[in-house]
Amino acid sequence: MNAAARLVPVQAAYDDLLQRSLSKISCDLARLIYLASTRDYNSGNYHHDGLAARFRPDVAGKALEIAHRQVFYQLSAYSLEELVEQLRIYLDSSHERAADVLRIWQKLEPYRVAIPLEVNPAVARLFLSNVRLALAIWRFRQERAPKNP
Amino acid sequence: MIGIPTALLLGTILLLLLLFVAARGSVGARESTSRSDVPLLDDEAALDPCPPEFVARIFSPDDWKFVSETGSAQLEKLFRRERKVVALAWVHQTSLAVRRIMREHTQAARHSHDLQFATESKLVLLYAELMLLCGMLFLAIQSAEPQRVRGLAVYAGTLSQRLAQAQHDLKTITAGREFHGAS
């Protein structure tokens, strides 16, 4: 089988992932977290039962990997203002209290594990730094907002 | 009017000074970025220049404007510190990528039978210019804010992409010639 023929199922799996899962997620930041969560911590391989059942596990894994990298670059290209807005949408859609999420994110920095493998190191640093800044800006806004009685 | 020996002497001193600035910049950038709390993701063997749209983003004045509008001195301080580390990491990565490209090119050139003087000279000059730019950027980022040297950084980013493309093209041509020579 030639390379082009091999790419077709990956493209189909990618389109399927986009249509069935990613389009239903509220923002790019949430998409990134979701895609990173499909990656195994130890092996670095991506797993998605539904996608693997419709295609093949390796094809599904490749589609997830491509989508992960794509969303990561998209998010890293956002301005700080846009990233703060992404964070707002993410916090609004979260079932936890925004203040708790902010505290945990600032303390544990879980977004570090959301970086795909084999991305440009300078872009990875920019992403981490921008998330840190966006969190600080959010915190600042929260502290200045009038408290509800 | 200065004589040829004086001009040569001045030229040599200037060249040595430029090499010193470039080397100082590269070492300094490595030290500064490795001191940061961000894990070192650099895999020198596979390092490519950073895509141009991200170079523009790192050195963008818009983010600074957004942060300064909050009116928080603490946020401004945090932004300056964060962006400086990212900018220095980019300088370090660019200088590593440029050196890797030239190393690969030198290795390939050793086995080549049809080196073209003009092409080789252009590549060496491009390399020297990039190393010098990295040194200058390192010093400038240390003393001023990254957004102030945006033009220089974008120019260095474009040059590094050009060098990577030139090396890629040469590799393709050499591989093509070897293939035809073997068949």
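This is a predicted model: local features need pLDDT of at least 70, side-chain atom pairs count only at pLDDT 80 or more; totals for chains, interfaces and linings use all residues.
For context, most residues other than glycine have a negative phi.

Glu118(A) also lies in the loop between H6 and H7 of chain A. Here phi is positive, about 55°, although Glu118(A) is not a glycine. Is Glu118(A) buried or exposed? Glu118(A) has 10 other C-beta atoms within 10 Å, so it counts as exposed, the limit being 12 or fewer.

## The fold of chain B

Turning to the other chain, you will find six helices and zero strands in chain B, giving the pattern α-α-α-α-α-α along the sequence. Of the 183 residues in chain B, 29% are buried. Among the contacts in chain B with a separation of 6 or more, 86% join residues 24 or more positions apart.

## How H4 and H5 of chain B pack

Helix H4 (73-110) of chain B packs with helix H5 (residues 117-143) at an angle of about 165°, and their axes are 10 Å apart. Because angles over 145 degrees count as roughly antiparallel, H4(B) is roughly antiparallel to H5(B). The crossing of H4(B) past H5(B) is left-handed.

Which residues make this contact? From H4(B) come Lys84(B), Ala87(B), Leu88(B), Val91(B), Thr94(B), Ser95(B), Val98(B), Met102(B) and His105(B). H5(B) contributes Leu123(B), Tyr127(B), Leu130(B), Met131(B), Cys134(B), Leu137(B), Phe138(B) and Ile141(B). By class, the residues in the contact of H4(B) with H5(B) are 13 nonpolar, three polar and one charged.

## Where chain B meets chain A

Between the chains, 25 residues of chain B are in contact with 19 residues of chain A. On the chain B side, helix H2 (52-58), helix H3 (61-68) and helix H4 (73-110) each supply at least two residues. Which helix gives the most to the side of chain B that touches chain A? That is H4(B), with nine residues.

The side of chain B that touches chain A is made up of 15 nonpolar, three polar and seven charged residues.

Terms used. Residues are numbered from 1 along each chain as its sequence is written. Chains are lettered from A and ligands numbered from 1 in the order in which they are written. Two residues are in contact if their C-beta atoms, placed from the backbone, lie within 7 Å. Helices (H or I, at least four residues) and strands (E, at least two) are DSSP runs, numbered from the N terminus. Ala, Val, Leu, Ile, Met, Phe, Trp, Tyr, Cys and Pro count as nonpolar, Asp, Glu, Lys and Arg as charged, and the others, Gly among them, as polar. A residue is buried if 20 or more other C-beta atoms lie within 10 Å of its own, exposed if 12 or fewer, and partly exposed in between; C-beta atoms are placed from the backbone. Axes are lines fitted to C-alpha atoms, for helices over the stretch in contact, and angles run from 0 to 180 degrees between N-to-C directions. Angles under 35 degrees count as roughly parallel, over 145 as roughly antiparallel, 65 to 115 as roughly perpendicular and the rest as oblique. A crossing is left-handed if the near helix is turned anticlockwise from the far one by less than a right angle, and right-handed if clockwise.
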